[in-house]
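This report examines selected features of the structure shown below.

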Amino acid sequence: MPDDSILIALTLIAIIVSAVIDRRKTLMGLRRGGKMLLNLLPQFLMLLVIVSVLLTFVPREAIVSGLGKQSGGLGVIVAAGIGSVALVPGPIVYPLAGMLVENGMSWTVISVFITTLMMVGILTFPVEKAYLGLRLAALRNILFFFGALIIGVLVGSVL
Amino acid sequence: MIKLPHLAFGYLITLVFAVVLLGLHIGGFPVGYRLLEEFTAFSSRLLIFIPCLFVLIGLLDVWLPQQWIQKHVGEESGGRGVFFVVLLAMFQGGPLYGAFPVAHLLRKKGCSMRNVFMYLGAFSTLKIPMMFFEVSFLGLRFTLIRAMLALPVFIIIADLMSVYARRNGLQMKNPGESP
């Protein structure tokens, strides 16, 4: 993926530049980063397991057909539900959304799906909770969910 | 008596997952291979993203001067603070869960709670790399309207969240402190 090579290049450049300026500080930074990663490892593992189980039993085709079947109010609710749970990276979701629009899906359903997908993360909640705490993480998801709904519906009605 | 080592829930789930996979393999159920396939597909993506992310955050942690953060995106930063965090978020990429460690680092260095949530809002809706994809597949009109509507919505949400956090004395957690 080109996305990954940019990230790897950026990381390597950051390490080199940092090391040229101050080697000790760089080592300290790498150690801190490693420690943070180790602390979060259980949450990331949990995310991995949950996602692979879900993707095995709820195949991607079912997500697309679930989005395509309903329209109107029910379609918006289904889109918001799938968008909140699903974990689809941008490079995959936009071609898919473009295809759905070409096949006549309503802009409202598409925009609600995309905004909830971007703003709400039910599956990634364990990771979020570790940083924000239970209450702030829950509140963020709830408020962002309604925010995403509002944005999505407004975009749909403008277009 | 044998003392059981403390095992985080995430490790426990992974262990159960591995045992189930092994059981399915021995039992000859093909669904085990689907599970393993999905697991390796997703983990191969995380295997690059997560280490890079934490290397960058570690370096940011040692280089980002606390005074600068406090002054420019801290409690007294006002509109300029919003501008800075939104700009920072726009030039990033990747999934939202990658933003939480950065948000935490910003808070630790003295960024205001309101600006932390502003950052998360901008990160989820205004990332430039993501919007490139959006423009090419859904059009410029859709992207611009969506982005323009998103900005006021997450500014309001950030205000609500910071007020709620202050009233209830809520702070962000430090995942580095608890095992």
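This is a predicted model: local features need pLDDT of at least 70, side-chain atom pairs count only at pLDDT 80 or more; totals for chains, interfaces and linings use all residues.

Across all chains, the structure contains nine aromatic pairs. In the pair formed by A:Phe145 and A:Phe146, the ring centres are 5.4 Å apart and the planes meet at 80°, so the arrangement is edge-to-face.

Two further ring contacts deserve mention. A cluster linked by ring pairs comprises A:Phe44, B:Phe49, B:Phe54 and B:Tyr97. In chain A, A:Arg140 is placed over the face of A:Phe144, and the distance to the ring centre is 4.6 Å.

The following table collects relative accessibility values for selected residues.

| Residue | Relative accessibility | Class |
|---|---|---|
| A:Ile13 | 51% | exposed |
| A:Pro126 | 16% | buried |
| B:Cys52 | 11% | buried |
| B:Cys111 | 0% | buried |

How many disulfides does the structure hold over all chains? The count is zero. A disulfide is a covalent bond between the sulfur atoms of two cysteines. Among the cysteines, B:Cys52 is buried with a relative accessible area of 11%, and B:Cys111 is buried with a value of 0%.

Helix H4 of chain A covers residues 72-85, and its 14 residues should span 20 Å at 1.5 Å a residue. The end C-alpha atoms of H4(A) are 20 Å apart, in agreement with that expectation. Which residues of H4(A) are buried? They are A:Gly75, A:Val76, A:Ala79, A:Ala80, A:Gly83 and A:Ser84. Viewed down the axis of H4(A), these buried residues fall within an arc of 160°, and they therefore line one face of the helix.

In chain B, helix H1 (residues 9-27) consists of 19 residues. From its first C-alpha to its last, H1(B) reaches 27 Å, close to the 27 Å expected at 1.5 Å a residue. The buried residues B:Gly10, B:Thr14, B:Phe17, B:Leu21 and B:Leu24 belong to H1(B). Because they cover an arc of only 85° around the axis, they lie on the same side of H1(B). The other side of H1(B) carries the exposed residues B:Phe9, B:Leu15, B:Val19, B:Leu22 and B:Ile26.

A:Ile13 belongs to helix H1 (residues 2-21) of chain A and counts as exposed at 51% relative accessibility. A:Pro126 is located in helix H7 (residues 125-132) of chain A and counts as buried at 16%.

Between A:Ile13 and A:Leu139, which are 126 residues apart in sequence, the C-alpha separation is 37 Å. A:Pro126 and A:Leu27 are 99 residues apart along the chain, with their C-alpha atoms separated by 29 Å. At the level of domains, chain A is divided into domain 1 (1-41) and domain 2 (58-158). Taken over C-alpha atoms, the centres of domain 1 of chain A and domain 2 of chain A are 32 Å apart.

Terms used
Residues are numbered from 1 along each chain as its sequence is written. Chains are lettered from A and ligands numbered from 1 in the order in which they are written. Side-chain values use heavy atoms; hydrogens and water are left out. Domain bounds come from an automatic or database domain assignment. Helices (H or I, at least four residues) and strands (E, at least two) are DSSP runs, numbered from the N terminus. The expected span of a helix is 1.5 Å times one less than its number of residues. Buried means under 20% relative accessible area, exposed over 50%, partly exposed in between (1.4 Å probe, protein chains only). The arc is that of the directions from the helix axis to the C-beta atoms. Rings of Phe, Tyr and Trp (its six-membered ring) pair if their centres lie within 6.5 Å; planes under 30 degrees apart count as stacked, over 60 as edge-to-face and the rest as tilted. A charge sits over a ring if NZ of Lys or CZ of Arg is within 6 Å of the ring centre and within 35 degrees of the ring normal. A disulfide is a pair of cysteine sulfur atoms within 2.5 Å.
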